[in-house]
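Please read the following points with the structure open beside them.

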Amino acid sequence: MADNCIEIENLYKSFGKIKALSDINLILKRGKTVALIGADGSGKTTLLRLLVGLLYPDSGKILTLNFNPSKDKASILKNTGYMPQKFGLYEDLTVIENLKLYSKLKNTDNNFDILLEFTGLKSFQNRLAGNLSGGMKQKLGLACALLSEPELLVLDEPSVGVDPLSRMELLKLVKKMINKNTSVIWSSSYLDEAYSFDSCVILDKGKIIYKGLTKDLGNNYEDFEEKVIKLMGGFIETPSLIAKNYNVAEHNKECVVLAEKLSKKFGDFTAVKDNSFCIKKGEIFGLLGPNGAGKSTTFQMMCALTKPTSGNGYIMGIDVVENPAKARSYLGYMAQKFSLYSRLTVYDNLNFFAGAYGLFGKNKKEKIKRMLDIFELNEYKNTISSLLPLGFKQRLSLSCALIHEPPVLFLDEPTSGVDVIQRKEFWTHIKALSNIGVSILVTTHFMEEARFCDNISLFYGGEIIAADKPSEIVKNSGTKNMQEAFIKLIKKARNE
């Protein structure tokens, strides 16, 4: 029918033995905005690529703007703005050069000044796209997708890895830049984003588990999350097996992790300025802030991966600059992006890291077996790591960080992209490790996870703008929750 933007009937898509989508039935109206919610690996990207003709279905029917994507891809792309999940622009071209190139590809004349003004990129139009911040890259990708004033705007996780304030601004930007007849499909792993759209579709393991109004799932995030968990089959929290029989090194250090006026400059740019904090035994310490605030740089300095310009860092009393190998021996580090050896199998990665941390013989074999059992990795034991589903990549990363039972754990966005149940499982382990005395430094863009931290340091522009218990930060900011507090404090810091 003419008033339908998308029509899908009995859609199936597989990649070898992997069933990406199963029995998808969906109708989306023209001129409406829809949130497509699901974890990485749930089928979101596959569905969007099928809609624009970049993939073909195994079976079933698809109509996009009344065109069959398998036969009329050119007609669909002409009337559709598509922003892929990964940065699809030319990093060695400037902002304005990317816009001009995409304008030629779409055979359209457009007022670049309006797009640059809307996105806040006007003063950066001569900067190479590769040198833009993550949020700016997303805005440039959005501008390129909107060049032809499309009937349908398809955005594949435009807010992935973006902080709450930047996500909110990106949502507002989309709504400001489209006209009332434009249909929007916005995919995301953030459940809270569904409230900004007319309706939502939730995918889990390639199947639709909900389609309808977001408000029917609950009036607030907590109610919404619990109903989604029930739709996914429920979650029963069980004692963490990783914390059982975990031996934390004895020590009498007041500050297990200590940063003293850490600073880092890259040329004239100051990434971190006078950062100081103390993490005590068994404390979960949250390092929060927008993209580019200096969180990852702080991690790298404390892990002895980059040398501070000034200041000092200590792990278990060991100076990370003077004795980096000794300091790192007390540390388990899970990086923001999958940083293990992607061409090695699951077992080979565990074997390598166990050896790197000084484990050998019977003890090494027992620790590897324990990690395979606890994180349910036996099924993937001989699988190349790059082929793992995201949730299992995260499990493997955490198991490699924990295999030597370190007293200190650094987790850089450990739950990014995984589903709500897997996030709860991760935090079950994190809280249990804290309870037996492991000191934990964690970053996250999920503000509801901040309530699990004992203390928080909120970062902006490389400096600490607030440091306290989560409840006190919320109270002192005069807001209702950590998400609102984060947005309010970052806005205040920007203005100042």
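1. In this predicted model, F353 has a relative accessible area of 16% and is therefore buried, since buried means under 20%. F352, in contrast, is partly exposed at 40%. The structure holds 9 aromatic pairs, and F352 and F353 form one of them: the ring centres are 5.3 Å apart and the planes stand at 90 degrees, so the pair is edge-to-face.

2. W427 and F452 also pair. Their ring centres are 5.0 Å apart and their planes meet at 35 degrees, so this pair is tilted. The two residues come from distant parts of the chain, 25 residues apart: W427 belongs to helix α13 (residues 420–435), and F452 to the loop between β17 (439–443) and β18 (455–460). W427 is buried, with a relative accessible area of 2%, whereas F452 is partly exposed at 23%.

3. Other ring contacts deserve attention. F299, Y333 and F410 make up one aromatic cluster. R167 lies over the face of Y190, 3.8 Å from the ring centre, and the charged end of K175 sits over the ring of F197, 5.9 Å from its centre.

4. A disulfide is a covalent bond between the sulfur atoms of two cysteines. The structure holds 1 disulfide, which joins C255 to C278 with an S to S distance of 2.1 Å. Its torsion about the S-S bond is about -100 degrees, so the disulfide is left-handed. C255 lies in the loop between α7 (221–231) and β10 (257–266), and C278 in strand β11 (residues 269–279), 23 residues apart.

5. C278 is partly exposed, at 24% relative accessibility. C453 is in no disulfide, and its nearest cysteine sulfur, that of C278, is 15 Å away. C453 is buried, at 6% relative accessibility.

Definitions and conventions: Residues are numbered from 1 along each chain as its sequence is written. This is a predicted model: local features need pLDDT of at least 70, side-chain atom pairs count only at pLDDT 80 or more; totals for chains, interfaces and linings use all residues. Side-chain values use heavy atoms; hydrogens and water are left out. A disulfide is a pair of cysteine sulfur atoms within 2.5 Å. Helices (H or I, at least four residues) and strands (E, at least two) are DSSP runs, numbered from the N terminus. Buried means under 20% relative accessible area, exposed over 50%, partly exposed in between (1.4 Å probe, protein chains only). Rings of Phe, Tyr and Trp (its six-membered ring) pair if their centres lie within 6.5 Å; planes under 30 degrees apart count as stacked, over 60 as edge-to-face and the rest as tilted. A charge sits over a ring if NZ of Lys or CZ of Arg is within 6 Å of the ring centre and within 35 degrees of the ring normal.
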